[in-house]
Amino acid sequence: MRDVTIGQYYPSNSIVHRADPRFKLVIMLMFLVMVFFCDSFFSFGFLTFFVILTIALSRVPPLKVLKGLKMIIIVVIITTVLMMIFYTDGDGKPLAEWGIFHIYLNGIYASIKLAWRLMLLVLMPTLLTLTSTPTELCDGLESLLSPLKKLRFPVHELALIMSIALRLVPTLIEETDKIMNAQKARGAKFESKNPFKKIKAMLPVLIPLFVSSFRRADDLADAMDSRCYRGAKGRTRMNKLHFHVGDVLAVLLWSAVFVCILFLNYNWLGWEFIAVLGV
Amino acid sequence: MISVQKLSYVYSPKTPFTTQALFDVNMRIEDGDFFGIIGSTGAGKSTLVSHFNALTRVQKNSGTVIVDDMDLSAKKPDLNRLRAKVGMVFQYPEHQLFDDTVEKDVRFGPKNLGASADEQRALAKQAIELVGLDYGAVAERSPFELSGGQKRRVALAGVIAMKPQILILDEPTAGLDPVGKREIMELIVRIKAVCPTVVMISHNMDEIASYCNRIAVMSRGRVIGVFTPRELFGSRELLADCDVKLPLVTEIAARLCDGGAEIAHDILTEDELLDAIEKAVKHA
């Protein structure tokens, strides 16, 4: 149960860790859009360089970051293989063919790009959760969404729900562990291969878990009530978010990367070297 | 018999969160012992006892744990046999109740061990009666309707129904009122008649002093020593070394003794204290 990747914060004191979560979220959003604008191998390589740079700056062991790929590796393999064997290129001649399956050179390129894109899409969010605590992320999100308050959108409540949920994930995991141990001590087996048996075996864990979750929720509501919690109005924060020059620079740098990617993709000015690079 | 040799244990090895919970622990619990384990929070008590029925597996090259003839550091110990032999009652065991009737919940253990339906029913009835509940009145009720103390008894019954030979209790009286605490301790003494070896973790020195025959003191993952109650609570130096508080009755005896009364300072139970005071008064 301990391998759940939410809340996988890796404590360190690097500049990536210290960066303002709001800026990290903005960069993340930009990055996710950017990945979809990448088209040529050169632009992928270009973007990957900056991802590697960020990982290096974060001082998180690269293996920890790569571990984030573990859960999508099967998806990547399946989509890549499907892409490779079903890709149809109107102009080219297939390199190989078996019945409805055929492999084109462009198909190989397209599937490599697809795999690369998927991996980039997972790597950066993994790095984000490794370098920021769930609380930081929630605070950042609340701050970024605060303009929506004007539209009466319950930003604070949403952030509160999220932070409570994230805060309780480790507690729930611990509780699950405890109850599983208690039932194992009574001879319960959770290792069955049969999925139906497995679900049935989980019942003695799930029911106590639900009971204790409700109890915990009740207690938390009482605790908040007794401290006069009345929602967002007039509430101040203990940890105010502050941004530094470095945060602004980072956003500027990533914006520059974004512009470069756009140029590599669209080649608005008709530069020849880009046309050469763009496979 | 449980024999622990050179046992170490590390939580989350090879991560930034690594903490060593046990360092080179050696101890031997004999059949028939009422064995107490004390120590402050984080001393490694729970980690140690969870080795006894292989819920925590012995890590590689980190010592051995032997229960009777089973070596738990072996690759695949016979878990079914082990868990039938070693019953484990966790802190707040009532949080593990799940079934819709008390009887079904108590049958869960025997059922997992492969007992027939008739056997399960007989074992459940026996266990529920042993923990002092009225079988006819509670068997068909939902465990969630019962009071806190009753729930704890049902949870205890769920473990007793497996007929363990060694019972491990992790703070069995935590969160109960004084009457409830006493009832549970008396219940454990009754259980000890059918389950001869009891290992109990507790923070309550009164319980430890009046029920245990041997006490292991733990601190920061190490066992400082294993003593009889009289050795431990009779020696002030030892108590100071181990950072252990006196049981209430021993404290009263010690104060009286300091004040000049003719009372032994290593008194462990209320009855002993009463006798001693009576004698001292008569003498005076």
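Which side chains meet in a salt bridge there, and at what N to O distance?

Modeller: Happy to, and please keep in mind that this is a predicted model. The salt bridge joins the side chains of A:Arg186 and B:Asp105, with 3.0 Å from N to O. The count of salt bridges between chain B and chain A is 1, so this pair is the one to find on your screen, given that the term covers a side-chain nitrogen of Lys or Arg within 4 Å of a carboxyl oxygen of Asp or Glu. Polar contacts between the two chains come to 5 residue pairs, counting those where both residues are at pLDDT 80 or more.

Now look at the chain B side by element. Both α2 (79-85) and α3 (102-112) of chain B supply at least two residues each to the side that touches chain A. Of the elements, α3(B) gives the most, with 5 residues. Sorted by class, that side of chain B holds 11 nonpolar, 8 polar and 2 charged residues.

Next, the extent of the interface. In all, 21 residues of chain B are in contact with 19 residues of chain A. The size of an interface is often expressed as the accessible area lost when the parts come together. Here the area buried between chain B and chain A is about 1700 Å², and carbon and sulfur atoms give 62% of that. Within chain B, the residues that lose the most area to chain A are B:His95, B:Gln96 and B:Phe98, which together make up 29% of what that side buries.

Note on methods:
Residues are numbered from 1 along each chain as its sequence is written. Chains are lettered from A and ligands numbered from 1 in the order in which they are written. This is a predicted model: local features need pLDDT of at least 70, side-chain atom pairs count only at pLDDT 80 or more; totals for chains, interfaces and linings use all residues. Side-chain values use heavy atoms; hydrogens and water are left out. Contact means heavy atoms within 4.5 Å. Buried area is the accessible area (1.4 Å probe) that two parts lose on being put together, summed over both. A polar contact is a pair of N or O atoms within 3.5 Å; within protein, one must be able to donate a hydrogen and the other to accept it, and residues adjacent in sequence count only if both atoms are side-chain atoms. Helices (H or I, at least four residues) and strands (E, at least two) are DSSP runs, numbered from the N terminus. Ala, Val, Leu, Ile, Met, Phe, Trp, Tyr, Cys and Pro count as nonpolar, Asp, Glu, Lys and Arg as charged, and the others, Gly among them, as polar.
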